[in-house]
Amino acid sequence: MMAQVELPADYYLTNFRALVDFVMEHYQPLLSARERHFYSVFTAQDINSQRLYVRLLSRKGVLSSAGPLFRLSKLNYPEIQNLTAAANTLVDVGLLQHNPELPLAELLPLFTKTELLQQAPQSLPKTLKRPLLEQVLLQLNADNLQHSLAEKLRESDTVLAVNDANHFDTFKLCFFGNLRQDLTEYVLRDLGLYRFENYPLDRQNLPFQTRAQLEQHLSYYQCLEQLENALAGGEQEILALARQLPPGWQGDAALQRRLERVRLTLARQLERLEALESADLLYRQCTQPPARERRARIAIRRGNIDAGLDLCREILQAPRTEAETVFAEGFGYRTAKKAKRLQDWKPPLKYVSPTETVILPYTANRVELLAAAHLEQDPAGGQCFYVENTLLNGTLGLYIWDILFAPLAGAFFNPFQSAPSDFRSADFYRLRRTAFEQRLAELDSDRLRQRVLHHYRLKQGIANPLVAWPALPEPLLELALERIPAAHWRAMFQRLLEDIQHHRNGLPDLIWFPAAGGYELVEVKGPGDRLQENQQRWLAFFARHQIPHRVLHIEWEQP
C-alpha cells in the first residue's frame with residue numbers, strides 16, 4: 001500500500017487535464033469538431049480560469065435550461081486568484097454564460113429562503129417549508145416577481161451558467177466507459193489508497209472504435225435520464241421510451257448489457273401494470289436472466305400452461321445461470337403439479353448439510369469468531385480462520401491474475417480500473433473461456449502453489465476485484481494451498497468463474513485445519529439465523545464434489 005500524501009489544492013485540475021488529454025490522445029478521430037474545440041478553448045486559458053471552470057463543472061449547480069447555475073458571490077475557492085476575472089475570461093471564450101435569461105421556476109432555487117421571503121410581493125409565513133414557499137411564489141404575480149428577482153441579482157450579484165457540460169460528458173464516456181463515475185478514482189490513487197495493474201491500452205483494444213458506436217452510448221444515457229418518468233407513467237410512456245433505445249452495436253457487449261437492463265426494468269413495470277402482452281414483447285428482446293423466467297411467469301398468469309412449461313424446459317436444456325436452473329426446476333414442478341401434468345417433472349432435490357449445534361456462553365463478540373475459538377479448542381488441535389468470501393475468491397484472483405488483466409478488446413477504458421469492464425457479467429467467462437479452461441485443465445498442486453504465491457508477492461497491494469489483501473495473510477494462503485486438494489480447487493474455481501457475479505458470495509465463514517491434516521469449510525449460524533439460498537447452493541455443490549463441510553449452529557446458554 002502506498003503512503004498517503006497531501007494533495008495540492010488544485011489536484012482536481014491535474015486530474016481533469018489528465019482525463020481530457022488521455023481522450024484526445026486515444027480518441028481524437030472519434031470526437032466531433034465542437035468537442036475538439038471545447039478541448040482547445042479550455043486548455044488555452046490561464047490556470048485560474050481553468051481551475052474555476054473545472055470546479056463549477058464538478059459541482060451540482062441549480063439545474064436550468066441554460067446549464068448548471070451558480071451565484072458568483074457564493075463561490076469561495078482560496079486557490080483561485082481573482083474569481084471575478086477568471087469568470088469574465090470564461091464568459092469571453094464561451095465556457096460560461098453571464099446572467100442568462102431565466103424563467104421564474106429556475107430563478108427561485110438561486111435564492112435563500114430568507115431572500116425569497118424578502119422579495120415576495122406579499123407577506124408570507126416564515127414557517128413555510130422551502131418546496132411549498134416556491135410553489136406559492138410561482139402562483140403569485142409571476143411576471144413582476146421574475147423581474148424583481150432578476151434585477152436583484154443584477155444589482156448585487158452575478159449568475160454564472162456552465163456551458164459545454166455535454167461535451168465533457170463525451171470525454172467522460174470515453175474515459176470511464178460510463179457517465180456514473182467521476183474523478184474520485186484519481187483522488188484515491190493520489191492518496192495512496194489504490195494501486196492499479198499496468199495493462200496495455202492499445203488503440204485496437206479500446207472499447208470505442210467508431211463515432212456511431214459512441215453516439216449509441218450517449219443516446220442510451222439520454223434514455224436513462226427519462227427512465228424514472230417513464231416508470232412513473234403508464235404503458236404508453238414505457239413503450240415510447242423502449243422505442244427510443246438505440247439498437248445496439250455489433251461486438252459491443254457492454255452496450256448490449258446496458259440496453260437489456262433498461263428493457264428488463266421497463267418490462268417488469270409493465271408486468272406490475274398488468275400490461276402482460278407488452279411486457280412479454282420486451283422480455284423477448286432480452287437474452288439475459290431473468291427474461292425467460294419472467295416470460296414463463298407471464299405465460300402461466302395468462303393461462304398458457306404449455307408455453308410456461310416449455311420455457312422452463314428450455315431453461316433446463318440451456319441454463320445461463322444456476323439461479324435460472326433452480327427457478328425452472330421449482331416453478332416447472334409446481335406448475336406441472338397444479339395442472340396435473342407431472343409425467344416428466346420431478347420435485348427438486350433439497351440438500352441437507354451436516355449440521356452441529358453448539359451451546360456457548362453469551363458474549364457480544366461475533367458468532368463466527370466464537371465458533372472459530374470453539375473449533376480450535378478441539379483436543380486433537382488445529383487452526384481455524386475466519387475467511388468468508390475472501391480465501392477462495394482471493395486464491396482464484398491470484399491464480400488467474402494474468403488472464404483477468406489480459407488486454408481484450410473493450411475490457412479497459414483507462415489506466416485506473418481494478419477489473420475489466422465486463423467482470424460482473426456473463427461475458428467475463430465467455431470471452432475468456434479458452435484461457436480459463438486451459439488454466440483449470442493444467443491445475444495441479446505444484447502449479448497452483450507456484451502461480452498463486454508468485455502473484456501474491458509480485459502484485460502485493462495492487463487492486464484486484466477478487467483479492468482482499470488485508471484478509472489474505474500469507475501463512476493462511478500457504479496452509480490452504482497445502483491442505484486443499486487440487487481437484488477441490490479446480491471444482492470451486494470452475495463454479496466461481498461460470499457466474500462470478502453471484503457465486504463469489506455465500507461461501508462458508510470459516511476454514512478449519514485439524515492438526516491431523518485435511519481441512520473443512522464451516523458455515524456459522526447464530527441464534528435465529530438461517531441459511532440463505534446462495535449459501536445452500538454452495539453447500540449442495542460441496543456435497544456433489546466431496547468437499548468437506550458442515551453447518552455450525554450457535555445457541556446461547558440459558559442463564
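## Exercises on cores, a sheet and cysteines

**Exercise 1.** Find the residues that touch the most other members of the largest nonpolar core.

*Solution.* Of the 130 residues in this core, Leu 19, Leu 52, Phe 171, Trp 489 and Met 492 touch the most other members. A nonpolar core is a set of buried Ala, Val, Leu, Ile, Met, Phe, Trp, Tyr and Cys residues joined through side-chain atoms within 4.5 Å. Buried means under 20% relative accessible area, exposed over 50%, and partly exposed in between, with a 1.4 Å probe and protein chains only. Next, look at helix α1 (residues 11-27), which gives the largest share of this core, 9 residues. Helices (H or I, at least four residues) and strands (E, at least two) are DSSP runs, numbered from the N terminus.

Before going on, please note that this is a predicted model: local features need pLDDT of at least 70, side-chain atom pairs count only at pLDDT 80 or more, and totals for chains, interfaces and linings use all residues. Residues are numbered from 1 along each chain as its sequence is written, and side-chain values use heavy atoms, leaving out hydrogens and water.

**Exercise 2.** Which residues does Phe 171 touch, not counting those up to four places away in sequence?

*Solution.* Taking contact as heavy atoms within 4.5 Å, Phe 171 touches Leu 19, Val 20, Val 23, Met 24, Leu 31, Glu 35, Phe 38 and Tyr 39. Another core, of 21 residues, lies apart from the largest one; Leu 110 and Leu 124 are among its members.

**Exercise 3.** Trace the open sheet of 5 strands.

*Solution.* Start with the order, β4-β8-β7-β6-β5, with mixed pairing. Two strands pair if DSSP finds at least two bridges between them. At the edges, β4 (355-360) and β5 (382-386) each pair on one side only. Then move to β6 (residues 510-514) and β7 (residues 520-525): they run antiparallel and are joined by 3 bridges. Here Trp 512 stands opposite Glu 520 in β7.

**Exercise 4.** How many disulfides does the structure hold?

*Solution.* A disulfide is a pair of cysteine sulfur atoms within 2.5 Å, and the structure holds 0 of them. Take Cys 286: its sulfur is too far for a bond, because the closest cysteine sulfur, in Cys 223, is 14 Å away. Cys 312 is in no disulfide either, with the nearest cysteine sulfur, that of Cys 286, 18 Å away.

**Exercise 5.** Is Cys 312 buried or exposed?

*Solution.* Cys 312 has a relative accessible area of 1%, so this residue is buried. Cys 286 also counts as buried, at 9% relative accessibility.
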